[in-house]
Amino acid sequence: MILAIDIGNTSLEMGCVDNDEILFHERIGTDLRKTELEYTIAFKGILNLFSVNLNAVEGVIMSSVVPSLTNTIETAIEKLTGKKAMIVGPGVKTGLNILLDNPTDMGADLVANAVAGIAEYGFPLIIVDMGTATTIEVVDRKGNYIGGAVMPGFNSSFYSLIRSAARLPNIEPEAPGKTIGKNTIDCMKSGIVYGNASMVDGMIDRIEKELGYGVKIVATGGMAKTLVSVCKHDILLDQELLMKGLNIIYKKNAEKKA
């Protein structure tokens with residue numbers, strides 16, 4: 001059984017994978033103030049909740065976009081499991097052919113998403129990850145990772161709006177019945193939900209036009225379920241894409257070591 005962890009700016013994802021089956025997948029808030037011990041206790045609580053036997057954990061893999069927290073989490077996990085985590089980064093085999101100006105700049109979470117996306121859905125492919133930022137990854141018809149785009153995330157733009165406009169209320173961001181709102185709350189819901197969906201749809205249109213052919217589209221991330229339901233494009237939803245990718249990368253490198 002493999003323990004997979006992704007350290008994101010807003011949330012930290014954790015899951016266990018056994019023989020390619022994801023046993024559980026949970027999120028907790030990312031907190032730079034927490035100590036190694038506090039994270040150790042938090043992780044132990046999650047594993048106990050899902051009745052995970054720590055002795056059954058054969059290995060650990062981590063991806064992180066929060067460098068200041070990587071060592072803290074790595075140490076916490078080693079205290080808990082006795083295993084040193086494999087960190088997704090330079091020197092770790094992924095199988096991706098990355099055609100970027102500087103491939104080392106690519107976020108480890110994006111690497112894992114792309115690895116899983118190609119394995120699960122083939123190519124050409126667009127992956128939309130709707131987290132703190134909304135990221136778009138593009139894999140061309142030859143299987144090359146050719147780049148993408150980064151936009152303000154759903155929650156980032158929503159809470160920025162609330163903070164910047166004193167008279168706007170703090171609401172639950174959900175799709176209203178109509179695009180044209182008749183009151184402040186429905187206008188806000190329309191703008192934040194349909195506006196973000198239109199942004200994603202518009203970017204997909206532009207990417208397909210630039211490529212010159214249609215692609216399969218898969219979405220993941222905290223707000224993916226909300227937005228995919230109102231997007232005009234046919235978008236597959238896969239909330240376990242990151243865990244799948246980390247599992248694949250772990251196996252590639254475990255086999256290499258063997």
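Helix 4 crosses helix 5 in a right-handed way. Helices are DSSP runs of H or I with at least four residues, strands are runs of E with at least two, and both are numbered from the N terminus.

This is a predicted model: local features need pLDDT of at least 70, side-chain atom pairs count only at pLDDT 80 or more, and totals for chains, interfaces and linings use all residues. Residues are numbered from 1 along each chain as its sequence is written, and side-chain values use heavy atoms, with hydrogens and water left out.

Back to that pair. Helix 5 covers residues 184-211, and helix 4 packs on it at an angle of about 150°, with the axes 10 Å apart. The axes are lines fitted to C-alpha atoms over the stretch in contact, and angles run from 0 to 180 degrees between N-to-C directions. So helix 4 is roughly antiparallel to helix 5. The cut-offs: under 35 degrees is roughly parallel, over 145 roughly antiparallel, 65 to 115 roughly perpendicular, and the rest oblique.

Who touches whom? Helix 4 brings Phe154, Ser157, Phe158 and Ile162, and helix 5 brings Met188, Ile192, Val193 and Asn196. Contact means heavy atoms within 4.5 Å. These residues divide into six nonpolar, two polar and no charged. Nonpolar is Ala, Val, Leu, Ile, Met, Phe, Trp, Tyr, Cys and Pro; charged is Asp, Glu, Lys and Arg; the others, Gly among them, are polar.

Next pair. Helix 1 (residues 36-49) packs on helix 2 (residues 67-81) at about 55°, with axes 8 Å apart. These two helices are therefore oblique to each other. Their crossing is right-handed. Helix 1 contributes residues including Tyr39, Phe43 and Leu47, and helix 2 contributes residues including Leu69, Ile73 and Leu80. The contact holds eight nonpolar, three polar and three charged residues.

Now the pockets. On a 1 Å grid over the protein atoms alone, a pocket is an open set of points where a 1.4 Å probe fits, with protein on both sides within 12 Å along at least five of seven lines; lining residues have an atom within 4 Å of a point. The largest pocket has about 570 Å³ of space. It is lined by 26 residues, and closest to its centre are Asp129, Met130, Gly131, Thr132 and Ala133. Which helix gives the most to this lining? Helix 3 does, with three residues. The lining has seven nonpolar, 14 polar and five charged residues.

The second largest pocket has a volume of about 300 Å³. Of its 15 lining residues, Gly89, Pro90, Pro103, Met106 and Val111 are the closest to the centre.

Last, the backbone. Most residues other than glycine have a negative phi, and most peptide bonds are trans. Phenylalanine 123 and proline 124 are joined by a cis peptide bond, with omega about 10°. Proline 124 sits in the loop between helix 3 and strand 7. Asparagine 19 is not a glycine, yet has a positive phi of about 50°. Asparagine 19 lies in the loop between strand 2 and strand 3.

Note on methods: A crossing is left-handed if the near helix is turned anticlockwise from the far one by less than a right angle, and right-handed if clockwise. Grid points are joined across faces, edges and corners, and a volume is the space filled by probe spheres set on the points.
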